[in-house]
Amino acid sequence: MPATPLRERKAWQALERHHAEIAGRHLRDLFAEDPGRGERLTAEAAGIYLDYSKNRVTDETMRLLVELAAESGVPERRDAMFRGEHINVSEDRAVLHVALRMPETESLVVDGVDVVQEVHDVLRRMREFSERVRSGEFRGYTGKPVRNVINVGIGGSDLGPVMAYEALRHYCTREITFRFISNVDSTDFAEATRDLSADETLFIISSKTFGTLETLANATSARDWVVRELGSEDAVAHHFVAVSTNAERVRAFGIDTANMFGFWDWVGGRYSMDSAIGLSTMIALGAGQFGEMLAGFRAMDEHFRTAPLESNLPVLMGVLAVWYRDFFGAQTYGVMPYEQYLKRFPAYLQQLTMESNGKHVTLNGRHVDYDTGAVFWGEPGTNGQHSFYQLIHQGTTLIPIDLIGFGKSLNPIRDHHDLLSSNVFAQAAALAFGKTEEEVRAEGTPEQVVPHRVMEGNRPSSVLLAEVLTPRLLGSLVALYEHSVFTQGAIWDIDSFDQWGVELGKVLAQQIIPELKNEAEPELAHDSSTNALIRRYRSLKRK
Ligand code: F6P
């Protein structure tokens with residue numbers, strides 16, 4: 001833990017002075033003065049090339065930001081994570097998603113247990129099970145093979161599996177339909193099951209705690225559906241498996257723990273897609289490709305663990321995020337994948353980034369006097385260009401973005417991929433350099449339209465470029481953002497691995513549920529707005 005509060009660290013204070021000097025500098029000038037920057041301000045690891053030259057930084061900025069990471073103890077906290085120390089202080093837990101991708105030949109003893117061996121025991125069971133499902137050997141209650149797999153989970157028990165399935169669909173079996181139910185809104189359940197036969201459907205109930213209201217409600221409806229459709233309680237054992245850390249609750253729900261795949265409290269929900277929570281991913285991909293994905297995670301872990309800070313991709317991305325959040329006051333950060341298969345990647349990143357770094361106190365409980373986690377959001381390109389990019393180009397708010405592109409399409413058709421990729425480079429250049437008044441005038445623009453067509457530029461972006469989207473690449477990409485989030489959290493001196501903020505809403509909902517359900521309409525004792533809303537709801541429900 002860094003001894004010095006953030007604003008008192010030497011590098012932070014140097015950055016404040018430095019920011020005052022360079023904040024007004026335009027990327028146009030930085031590039032004109034230094035033609036080498038486009039090749040120098042880059043880094044590469046695990047198949048991902050990062051061009052960060054179109055950020056509002058100089059070599060001196062990067063030197064100071066890297067110094068800030070060092071002074072903030074990023075390497076020490078990283079090493080403590082890899083050793084299995086309890087760096088999640090508010091829950092007194094180790095943070096070991098990196099152990100999920102360690103090879104079997106390694107060992108990591110945490111609290112007296114070799115976690116790598118435990119991880120591989122579960123991976124072995126997952127492999128056996130997914131092969132039985134994929135080959136048709138696994139049979140449902142009526143003896144039919146599985147044609148549909150439905151993952152029931154929410155948050156980290158949904159977003160990782162659904163993102164990975166969509167991202168890697170090209171590599172997934174087309175023999176089985178995969179669906180994901182997360183929302184307690186019954187429409188989610190109804191639409192996911194309406195055209196399926198229960199006797200061909202396998203439910204994977206995914207919940208770290210097995211106590212999440214939405215997941216338990218959907219799991220109960222799934223069980224009712226299976227029993228109703230197949231006419232027997234006995235069908236449940238043939239159509240349900242669970243993924244959880246809580247065997248007791250799995251048993252209490254009625255799933256035999258022989259059909260349970262475990263993980264551990266040291267895997268955060270939003271860091272769990274490569275644990276047993278990835279069971280649907282493994283069934284979809286096959287164990288071999290799932291192993292490739294783990295190897296991709298591992299390659300980025302090793303890079304993060306060993307590369308010097310100044311060429312360490314997650315560190316560079318992490319310090320840039322801090323630079324914009326704290327020195328430029330950027331409230332949001334866009335991530336735009338130019339790859340249709342990554343359409344759920346921004347949604348996945350929202351939980352990863354915002355549940356991790358949306359914190360207002362330091363590790364020792366002091367209220368921060370600087371900004372922490374930005375709002376992350378995004379959409380695949382080029383779609384976003386025809387909706388919200390306008391604001392990024394000409395709005396009054398600074399929004400740094402990451403543009404993610406690939407050298408090859410997985411579905412090459414005519415020249416689509418060049419059309420797509422040209423936009424990655426064009427957007428980054430347009431954002432950085434814009435269009436001056438002189439340039440607009442030189443185009444013969446009528447004088448009164450000139451101000452509207454001027455593009456100020458100086459809008460920062462980073463480009464991430466890789467050859468092609470593979471399971472391995474996806475693993476590296478996710479690990480890159482995981483460790484970037486880690487770097488930001490370590491600099492901010494916050495606990496990136498708890499999520500107490502979501503609890504209060506859950507508790508209040510539990511109080512309100514009986515007030516909505518009970519036909520006797522019990523007296524309300526909330527604030528006047530909540531009372532009025534509940535009364536209005538009751539009358540709408542009665543109509
Ligand atoms: O409410 C937030 C949260 O706890 C997330 O952190 C988690 O990923 C999600 O709910 C689901 O939790 P579980 O896997 O225990 O059902």
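Let's start with strand β10, residues 332-337, which is mostly covered: six of its six residues are buried (buried means under 20% relative accessible area with a 1.4 Å probe and protein chains only, exposed means over 50%, and partly exposed is in between). Strands here are DSSP E runs of at least two residues, while helices are H or I runs of at least four, and both are numbered from the N terminus. This is a predicted model, where local features need pLDDT of at least 70 and side-chain atom pairs count only at pLDDT 80 or more, while totals for chains, interfaces and linings use all residues. Residues are numbered from 1 along each chain as its sequence is written, and side-chain values use heavy atoms, with hydrogens and water left out.

In a regular strand the side chains alternate between the two faces of the sheet. In β10, Thr-332, Gly-334 and Met-336 point one way, and Tyr-333, Val-335 and Pro-337 point the other way. Two strands pair if DSSP finds at least two bridges between them. On that basis β10 runs parallel to strand β11 (residues 375-377), joined to β11 by three bridges, and Tyr-333 has Phe-376 as its bridge partner there. To get from β10 to β11, the chain passes through helix α15 (residues 345-357), making a right-handed β-α-β crossover (right-handed means that, with the strands pointing away from the viewer, the path from the first strand over the helix to the second runs clockwise). β10 also pairs with strand β12 (residues 401-406), again in the parallel sense, over four bridges, with Pro-337 opposite Ile-404.

## Around the ligand

Now for the ligand: there are 14 residues around it, and Ser-157, Ser-207, Lys-208, Thr-209 and Thr-212 come nearest. Being around it takes a heavy atom within 4 Å.

Some polar contacts (pairs of N or O atoms within 3.5 Å) stand out. A polar side-chain atom of Thr-212 lies 2.5 Å from a ligand oxygen, a side-chain N or O atom of Ser-157 is 2.6 Å from a ligand oxygen, and a polar backbone atom of Gly-156 is 2.8 Å from a ligand oxygen. Taken alone, the ligand exposes 400 Å², and the protein buries 87% of that (accessible areas come from the Shrake-Rupley method with a 1.4 Å probe).

## Aromatic pairs

The whole structure holds 22 aromatic pairs. Rings of Phe, Tyr and Trp (its six-membered ring) pair if their centres lie within 6.5 Å; planes under 30 degrees apart are stacked, over 60 edge-to-face, and the rest tilted. Take Trp-12 and Tyr-370: their ring centres are 6.3 Å apart and their planes sit at 55°, so the pair is tilted. Trp-12 is in helix α1 (residues 10-22) and Tyr-370 in the loop between α15 and β11, 358 residues apart. Trp-12 is buried at 2% relative accessibility, and Tyr-370 is buried at 8%. Both belong to a cluster linked by ring pairs, along with Trp-323, Tyr-324, Phe-327 and Phe-328.

At 3% relative accessibility, Phe-261 is buried, and so is Phe-129, at 7%. The rings of Phe-129 and Phe-261 have centres 5.4 Å apart and planes at 55°, so this pair is tilted.

## A glycine in a loop

Gly-384 sits in the loop between β11 and α16 (389-394). Is Gly-384 buried or exposed? With 1% relative accessibility, Gly-384 counts as buried.

Note on methods
A polar contact is a pair of N or O atoms within 3.5 Å; within protein, one must be able to donate a hydrogen and the other to accept it, and residues adjacent in sequence count only if both atoms are side-chain atoms.
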